[in-house]
Amino acid sequence: MIVENSKTILSVQGLRASIDGIDILKGIDLTVKSGEIHAIMGLNGSGKSTFAKVLAGHADYAITGGSVQFEGKNLLELPPEERARAGLFLAFQYPIEIPGVANTQFLRLAYNTVQAQRGKEELDPLEFDDFVREKMKLLEMKSDFLDRSVNEGFSGGEKKRNEILQMALLEPKLSILDEMDSGLDIDALRIVANGVNRIANKDNAIILVTHYQRLLDYIVPDYVHVMQAGCIVMTGGKELALELETRGYDWLHENRRSLSGASA
Amino acid sequence: MNATAQLDYLASLLKCWPIKQTEAQAWLNQLRMQAFDCVGTQKLPTRRDEEWRFTDISSLAPLTYQPSRPECNLQARDLERWYLKEAKHRLVFVDGHYVGHLSTVADPLQLTIGNLPDFVSSHAAILEFQLGRHAAFDRNIFTALNTAFLRDGAVICIPKNTVIAEPIHVLFVATQNEVTSYPRCLLLGEAGSQVTLIEDYVALSQSAYITNSVTEIGLAANAHAKHIRIQRDSPQAFHLASCAVSQAHASHYQSVSISLGSQISRYNLDVKLADEAAECDIDGLTLIADRQLADTHTCIDHAKPNGTSRQQHKCIVDGSAHAVFNGKIVVHPHAQRTNSSQSSRNLLLSKTAQVDTKPQLEIFADDVKCAHGATVGQLDREEIFYLESRGLSEVVARNLLTYAFAAEILSRIPIVSLKRQLEQTVLSRTRSNPS
Ligand SMILES: Nc1ncnc2c1ncn2[C@@H]1O[C@H](COP(=O)(O)OP(=O)(O)OP(=O)(O)O)[C@@H](O)[C@H]1O
Ligand SMILES: [Mg+2]
């Protein structure tokens, strides 16, 4: 929801990033205020996941320009774990499998780390077990996912649910959900989207990266951005997503060409 | 290693032989004599010996560590931290010498368990036939030395069709500085018996010493033995060990050996599937750092048809340490329908860590399944990032992933309290920074 005079959580200005000397992000501007839900759409390879991983602090990307303020802090100076502790959360497009680490052990470690940072009470294994089971009910997850290794052998949809479970546990200020809808069946999409909606409130914010209107029917965005070749080329309201759904991305391309033609 | 150094080491060790023999029987004296003669015909191995290609023990040669003295001022409280609540039977050897007042043997009617000298006369018939018969000493100088100095040792015989539910803990404690000790174990499982043996090497101090140990395991038809071996010596120690297992028809041997390093450690495990349908399951984990060297040589010998062996060895190497794994599998010409698998997985935690892993398959039968594979890798950067993105620091993330790599092996230890102890050790031992 767009809230009058709400605080800015994230402010990205002219962000440029490259990997192995190849420029991927070419000047991104984005402001996210508390309470807001933003959707980022765009063709495959346009840089959406790169943007998400750069925000989360992936070391493979070199920042070549611009700035990012997160809750008034210079985000780009922080190592990834401090970004997470400060309240930034990325639900990965492709969550990693970690054989040998029990999901419950991992979830509790993450939860307690963030709790400690916030000066809040940590939970012992028994307390945590009760707590996490409640959260899992919201996402209609079976409790045997707790005993299995992190994401190991999880189906695509199960991995996505496990990501949203982490979001529910960590209660981030800003959640970036990278294609959380991919791999989810219709029922799962509804359940997971409901879970996200229950976490969303006026004090936090969400960035949804998606290709499909289907998700945005459940989680209604305040803003829709279109990314193309490493830039946000257009921003609109939720109706922009509908337009993209019917018209695709080509017309934007035309638009941009004529725009740049005009400016030359 | 030069010839003088060789002489120094062997000469100084042999100077104190023969050890005082009290009521020893002729057969035992003879065994020691044979071993003593074998020492005389062998030399300390050098890297020119194929079996020692990666492991340079020349630093051992100048050491003139004398046999340890049979003295022990320890009380139970000194050792309690290693006691396992699951183990009803515990034999304690301090610097290789049996300490009765620290040992507990429950239910002596159910099995034969205790210190070798107590059985030399009463069980001469079995012992003469078994002791020193599994672990050959004519081709291994360290086994020969151990046998030449044979005096105390754990003797465990499980009678026919007897199931010993609680594990047996044999605790070898090192306390003296600059000595050599000769731990020895003999486990015999009669037909249809079942037992779990924990062979545990610990140190009370950071002293330098040499442990030269030999374990022999004989399993009769359908006998089952689980053998958990933990080497957690002082970082200054030299640990040279052999274990020889002979398996009869349809017997089952399961081994989990954990090496937590010392200056130089070497473990030879020889498993002979001497009769049909025998099975063995061999898991190993080496976790070393600094400038440690840990070498595991295993040989699984399929002598008869329908045998099964499964082996998994993992090394976690940090600092400038060097791990060696040599896994030999022999399938004799008539050992048809052998099914054998071997996997060696290695994790290097630093740029200067090193591992040499070598499968050595000698297959002379045609109808066999033999799978083997080896990998050497580092911690996965994407996995580290995933954990960091959830707020875990890099050190915690690396520790957790290292632990996860080890967990598969630790999970095969059937004693919960021991498994927990080792999990903690692994979690706290892996503190390296990536740079
Ligand atoms: N290591 C790399 N080397 C070269 N190019 C890379 C590397 N990693 C990513 N890229 C490129 O960066 C571009 C952006 O990738 P990114 O994953 O951010 O796209 P995306 O918008 O998330 O696409 P999708 O919708 O398919 O998920 C792609 O063209 C990709 O090939
Ligand atoms: Mg993507």
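In this predicted model, an oxygen atom of ligand 1 sits 2.7 Å from an N or O atom in the side chain of K48(A). Taken alone, ligand 1 exposes 640 Å², and the protein buries 65% of that; such areas come from the Shrake-Rupley method with a 1.4 Å probe, and for residues only the protein chains shown count as cover.

A word on conventions: residues are numbered from 1 along each chain as its sequence is written, while chains are lettered from A and ligands numbered from 1 in the order in which they are written. Because the model is predicted, local features need pLDDT of at least 70 and side-chain atom pairs count only at pLDDT 80 or more, whereas totals for chains, interfaces and linings use all residues; side-chain values use heavy atoms, with hydrogens and water left out.

**Around ligand 1**

- Of the 15 residues around ligand 1, those that come nearest are G45(A), K48(A), S49(A), T50(A) and H211(A); a residue is near a molecule or strand if one of its heavy atoms lies within 4 Å of it.
- N44(A) places a polar side-chain atom 2.9 Å from an oxygen atom of ligand 1.
- G47(A) uses its backbone instead, with a polar atom 3.0 Å from an oxygen atom of ligand 1.
- Helix α1(A) gives the largest share of the shell, three residues, and β2 (22-33) and α1 of chain A each supply at least two.
- By type, the shell holds four nonpolar, eight polar and three charged residues. Here Ala, Val, Leu, Ile, Met, Phe, Trp, Tyr, Cys and Pro count as nonpolar, Asp, Glu, Lys and Arg as charged, and the others, Gly among them, as polar.

**The magnesium ion**

- The protein donors of the magnesium ion (ligand 2) are S49(A), through OG, and Q93(A), through OE1, at 2.0 to 2.1 Å. Donors are N, O and S atoms within 2.8 Å of the metal (3.2 Å for Na, K and Ca), and water is not among the atoms, so sites may look incomplete.
- This pair links distant parts of the chain, 44 residues apart: S49(A) is in helix α1 (residues 48-56), and Q93(A) is in the loop between β6 (88-91) and β7 (98-102) of chain A. Helices (H or I, at least four residues) and strands (E, at least two) are DSSP runs, numbered from the N terminus.
- Both S49(A) and Q93(A) are buried, where buried means under 20% relative accessible area, exposed over 50% and partly exposed in between (1.4 Å probe, protein chains only).

**Positive phi in chain A**

- D20(A) is not a glycine, yet it has a positive phi of about 45°. This residue lies in the loop between β1 (8-19) and β2 of chain A, and D20(A) counts as exposed because its relative accessibility is 75%.
- A229(A), also not a glycine, has a positive phi of about 45°. Its place is in the loop between β11 (223-228) and β12 (231-236) of chain A, and at 43% relative accessibility A229(A) counts as partly exposed.

**Buried residues in chain B**

- R232(B) is in strand β11 of chain B and, at 14% relative accessibility, counts as buried. Its side chain makes a polar contact of 2.8 Å with that of D200(B) and another of 2.9 Å with that of Q421(B). A polar contact is a pair of N or O atoms within 3.5 Å; within protein, one must be able to donate a hydrogen and the other to accept it, and residues adjacent in sequence count only if both atoms are side-chain atoms.
- I230(B) also belongs to strand β11 (residues 224-232) of chain B and is buried, at 0% relative accessibility. I230(B) and D200(B) are 30 residues apart in sequence but 4.8 Å apart in space, C-alpha to C-alpha.
- Beyond four places in sequence, the contacts of I230(B) include E199(B), I258(B) and L422(B); contact means heavy atoms within 4.5 Å.
- H97(B), in strand β3 (residues 97-98) of chain B, is buried with a relative accessible area of 17%.
- T211(B) is found in strand β10 (residues 210-219) of chain B and is buried, with a relative accessible area of 3%.
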